[in-house]
Amino acid sequence: MRQIKLARNILLGMEDLLLHKLRSFLTTLGIVFGVGSVVAMLSVGEGASKEAMDSIRKLGSNNIIVSSAKSIEEESTSTAHSHMGIYGLTYDDYARVTETFKAIRQTAPVKLIRKEGRLGERALELRIVGTTPVWFDLVQRPIVAGRVLIASDDNGRAPAAVLTEWGARKLLAAENTIGQTLKIGGDRFEIVGIVQSESGQAGNIQIPDQEVDVYIPINVAHSYFGDIMARMTSGTFERELVELHQMIVQVNSIEDVEPTAKGIEDMLKRFHKKKDYLVSVPLALLRQAEATKRRFNIVLGSIAGISLLVGGIGIMNIMLASVTERTREIGIRRAIGAKRRQIISQFLIETVVLSIIGGLIGIGLGVLVPFLITYFSDMPTVITVASIVLPLVISFGVGIVFGLYPAIRAAKVDPIVALRHE
Amino acid sequence: MIREAESNSGVEIIKLEDARKIYQMGSSEVNALGGVTLTFKRGSFWAIMGPSGSGKSTMMNVLGCLDRLSSGRYILEGRDVSTLNDDSLSEMRLRHLGFIFQSFNLIPQLTVQRNIELPLYYLGWEASSSAERAKELAEKVGLTERLDHRPSELSGGQMQRVAIARALANDPQIIFADEPTGNLDTATGKEILGLLNELNGQGKTIIMVTHEMDVAAYSRQRLHMLDGVVDRIEGEEQ
């Protein structure tokens, strides 16, 4: 019974609003744009942070990534002629880290080598990733064809190579490429498999797939290509000795991540004279990203709050004008026997209906805008249930808060005075 | 004696005892009602008359439960309403009283039907039964074809008929008419007064405020006010 009455009151309120279509529409504009911008900004923000979080998550929240980094001193001296830079993680570091920490489940070393490779007629500069089979456990990628590296490749020093889908395409390789020979420098490798490429940038920690990656057993990489890399940079011939470029460490549980990272850091500090390594924790990055997102949401929330406040004030202003304009009507209703609270609910319902309709239009607008953004700029946007429900709840709240005062004003109208009002 | 008292209480519908209404106008006090004692019987047709400032409007507002007395008692339908709060006064108006005004006071954005239904809406009637009632009443005042019109599309006489239909919707015992012919030409005014007379014949108590003698002539009793007190009463014996 109450619901029927409420539904009827809402219908009556809508009828009154429809009498002043233009005015009602203009009144809701504040809410429309307020809610619209909230939804749109939330979805753009959500999209950006989801992308960041996804790529961090792909690094594995149980992982610790230790990378070689040129120390600052090294940077300054390396400009000298024919200087050989020696820095970074060593095979000893790898062995020490793997053996020392109980919390570590598995580790994968990464050695990066740039060399030209040739498949059939096609020649390209390759980025050769020397690693162990564990790598494919830590950085999970679905197999497209063939297989990934296996222990026997590494132990038996088999010249096996795994391509990424993207790299394979660049090399004009097809599925029948499996078993063919890839020539790197003067050495011949057998292509054993192709794995899926990683899309998007994973930051500088993970090996981005913007290059033609070839995964080979680390023992093979070490014995075939050695540890010294030579290249020409800005006219100087530069040589570097780096044993390992990266080490991916996986610990047993998420609680072990931070203590283990600290332990590795301390251990490396003891064995390295310079700070030529970098320990990074995806979990920490994730936390940081979450904190950034929170901060972003607070900023968004404030902007949204202000625009909804402005919208609400607009509604209140119009409702106050409407109350003045309808003083006589209120007087008539009161004389007939309407109670004060019935007048309050009449005006409150009108305001709430107005702001909810504004909210709905705003949500429509706010959904359309991210859609267009994604369509035209490839920027990811995510519309969550919360980013729709929240503005709706807020616009309801705005209706109540800013409708209450005009409604109370309406109820205070003295019928005797109102009936004389022209 | 006892029998007389019993029969009196059955007949009395309105009773004022030393009713006073004092308005504060700046620093000075205005005695709008300066101690009025009277009784109106059920089924009577009163005209309240008097020059402006005589207190007839205040009288009307008090009797119509729109205003409260400063002191004294007002018994309506055997119930002391002088101490009621705002909600209860609204309830009294809603259930027992009907109002007709000089300027009709219809709600402009509502159709004739909706205007007539208004008291029923506040009484909580269902839409279907109140629509039926509105049609009945429109027929009674001769406006069946105008139910879907808005007040602005009607003549003055028609608007006042709508107002009468609305005043009758809650089936009130008392109808207050405040200068009901004030905005109408003589012929239309006579029609409206005829309608009021008819309603009185059907047992409704009618209290009409007017300053015109020939309008007041339709009533059966006349209460002349002067300076907030009853000047004289004329017409049929009560």
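This is a predicted model: local features need pLDDT of at least 70, side-chain atom pairs count only at pLDDT 80 or more; totals for chains, interfaces and linings use all residues.
**Notebook: strands, cores and a contact**

I started in strand E8 of chain B, where Ile206(B) is the bridge partner of Ile175(B). Strands here are DSSP runs of at least two residues (E) and helices are runs of at least four (H or I), numbered from the N terminus. Residues are numbered from 1 along each chain as its sequence is written, with chains lettered from A and ligands numbered from 1 in the order in which they are written.

**Entry 1: the mixed sheet**

I traced E7(B) (174-178) next. E7(B) pairs with E8(B) (205-209) in the parallel sense over five bridges, and E6(B) pairs with E7(B), also parallel, over four bridges. Pairing needs at least two DSSP bridges between two strands.

The whole open sheet has six strands in the order E6-E7-E8-E3-E9-E10, with mixed pairing. E6(B) (97-100) and E10(B) (229-235) are the edges with a single partner strand each, so one side of each has no neighbour in the sheet. I noted an average twist of 20 degrees from one strand to the next; axes are lines fitted to C-alpha atoms (for helices, over the stretch in contact), and angles run from 0 to 180 degrees between N-to-C directions.

How many residues of E7(B) are buried? Five of its five are, where buried takes 20 or more other C-beta atoms within 10 Å of a residue's own, exposed takes 12 or fewer, partly exposed lies in between, and C-beta atoms are placed from the backbone. Ile174(B), Phe176(B) and Asp178(B) point one way, Ile175(B) and Ala177(B) the other.

**Entry 2: the antiparallel sheet**

I then went to the four-strand open sheet of chain B, ordered E2-E1-E4-E5 and antiparallel. Its edges are E2(B) (28-41) and E5(B) (79-80), each with a single partner strand, so one side of each lacks a neighbour in the sheet. Five bridges join E1(B) (12-25) to E4(B) (71-76), and I found Arg20(B) opposite Ser71(B).

**Entry 3: cores**

A nonpolar core means buried Ala, Val, Leu, Ile, Met, Phe, Trp, Tyr and Cys residues joined through C-beta atoms within 7 Å. The largest has 106 residues, and Ile100(B), Ala165(B) and Phe176(B) are among those with the most contacts inside it. Helix H12 of chain A (340-377) gives the largest share, nine residues. A second, separate core has 56 residues, including Val129(A) and Ile248(A).

**Entry 4: Ser219(B)**

Ser219(B) sits in the loop between helix H8 (213-216) and strand E9 (221-226) of chain B. Buried or exposed? Ser219(B) counts as buried, because it has 26 C-beta neighbours inside 10 Å. Leaving out residues up to four places away in sequence, Ser219(B) touches Phe45(B), Trp46(B), Ala47(B), Met208(B) and Gly235(B); contact means C-beta atoms, placed from the backbone, within 7 Å.

**Entry 5: where the chains meet**

I counted 18 residues from chain B and 15 from chain A in the contact. On the chain B side, helices H3 (86-96) and H4 (112-123) each supply at least two residues, and H3(B) gives the most, with six.

Notes. Two residues are in contact if their C-beta atoms, placed from the backbone, lie within 7 Å.
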